[in-house]
Amino acid sequence: MKIGLDMLQGYGAAAAQFFFVPFRRPHPPQGKKLDLARFQLTFEDQFEGNVLDPAKWKSHGEDVRRGGYWDGSQAAVRDGKLIIQTEYHDGKYGPGWYHAGLDTKGLFEQKYGYFEARCKLPRGQGLWSAFWMMCEGVEQETGNGKSGAEIDIFESPYYARRQNGLVTCNLHYDGYGRAHRTKNAGIIRVENPYETFHDYGVEWNEREYIFYIDGVESCRTSFGQPSQTPEFLILSTEVDGQNGRPFRGWSGDIRKNPEEIWPSDFVVEYVRAYQYR
């Protein structure tokens, strides 16, 4: 069944919250180094100026999103960086936790290549940031991922854990119902990701997905057979919960954080995409 983005917004980068993803043994990036000479640039945003470029990004959704509300005004460009801010306030949907998602749907979509974002992750349990890819074909139940996959280049739900310098790389296909299939490609240890910037990327081709952090391979998989459909980019933060009300989930409980961490910012220095030469 072909569906629109409004239907997909009930799922997305946090589908692992509803479909259990095992906690694998974390490890640092430890594979081959990325060879960018094999690629040519097709998309770039360095977030210059003080306004988000509407030719490159639009809101991935508005109104209720899990335990809070997605509101495009929570995303802003300042000092050459994109800031997606999470905070509690009485906003246009009433009192609650406000955050945002942005995507390139209809503006930039590509099949195969290398996709990368340089980010500093938001502090706090009960919320997580993500850089991911999506297309409507994810919803098609074909028994494989060729029609499209949710490609979670990274998600950051582990702030509440003792080892909180971790990110996770995940894949989903065949919709989000009974036929849904998911795989955790790896849980990667990153040095101080809440205070320093790191590069998070994926190389996607007809054979496999290869995930990188700071240009070093961290994990790879051919799970479900790779997507053969152009996909768009998404940057987002999310709050654990449902119907705008937070609760304890895979990332913890947002209500348990100390007041001094708010607001919490997901800071993006640049996003780039490349195709094979």
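Me: Buried means under 20% relative accessible area, exposed means over 50%, and partly exposed lies in between, with a 1.4 Å probe and protein chains only. By these cut-offs, is Glu217 buried or exposed?

Reply: Glu217 counts as buried, because its relative accessibility is 12%. Before going further, note that this is a predicted model, in which local features need pLDDT of at least 70 and side-chain atom pairs count only at pLDDT 80 or more, whereas totals for chains, interfaces and linings use all residues. Residues are numbered from 1 along each chain as its sequence is written, and side-chain values use heavy atoms, with hydrogens and water left out.

Me: With which residue does the side chain of Glu217 meet in a salt bridge?

Reply: A salt bridge is a side-chain nitrogen of Lys or Arg within 4 Å of a carboxyl oxygen of Asp or Glu. The partner of Glu217 is Arg220, at 2.8 Å from N to O, and Arg220 is partly exposed, with a relative accessible area of 38%. Salt bridges with shared partners also join Glu62, Asp71 and Lys92 into one network.

Me: How many salt bridges does the structure hold, and which parts of the chain does the pair of Lys92 and Glu62 link?

Reply: The structure holds 14 salt bridges. In the one between Lys92 and Glu62, the closest N and O atoms are 3.3 Å apart. This pair links distant parts of the chain, 30 residues apart: Lys92 sits in the loop between strand E6 (81–91) and strand E7 (94–99), and Glu62 in the loop between strand E2 (58–59) and strand E3 (63–65). Such strands, marked E and at least two residues in length, are DSSP runs numbered from the N terminus, as are helices, marked H or I and at least four residues in length. Lys92 counts as exposed at 54% relative accessibility, whereas Glu62 counts as partly exposed at 32%.

Arg118 and Asp199 form another salt bridge, at 3.1 Å from N to O. They too link distant parts of the chain, 81 residues apart, with Arg118 in strand E10 (residues 113–120) and Asp199 in strand E15 (residues 198–204). Arg118 is partly exposed at 22% relative accessibility, while Asp199 is buried at 13%.

Me: Which members of the largest nonpolar core touch the most other members?

Reply: In soluble globular proteins, nonpolar side chains tend to be buried together. A nonpolar core is a set of buried Ala, Val, Leu, Ile, Met, Phe, Trp, Tyr and Cys residues joined through side-chain atoms within 4.5 Å. Here the largest core has 42 residues, and Phe115, Ile151, Phe211, Leu235 and Val271 are the ones that touch the most other members. Another core, of eight residues, lies apart from it and includes Ala130, Trp132, Met134 and Phe232.

Me: What should I make of the cysteines, and how many disulfides does a search of the whole structure find?

Reply: A disulfide is a covalent bond between the sulfur atoms of two cysteines, and the criterion is a pair of cysteine sulfur atoms within 2.5 Å. The search of the whole structure finds zero disulfides. For Cys135, the nearest cysteine sulfur is that of Cys169, 19 Å away, and Cys135 counts as buried at 4% relative accessibility. The sulfur of Cys219 is 4.0 Å from the closest cysteine sulfur, in Cys169, and is therefore too far for a bond; Cys219 is buried as well, at 8% relative accessibility.

Me: Which backbone features deserve a careful look, and which residues does a cis peptide bond join?

Reply: The cis peptide bond joins Trp262 and Pro263, with omega about -5°, and Pro263 lies in the loop between strand E20 (245–246) and strand E21 (264–276). Phe47, although not a glycine, has a positive phi of about 55°; its relative accessible area of 2% makes Phe47 buried. Arg66 likewise has a positive phi of about 55° without being a glycine, and Arg66 is buried, with a relative accessible area of 7%.
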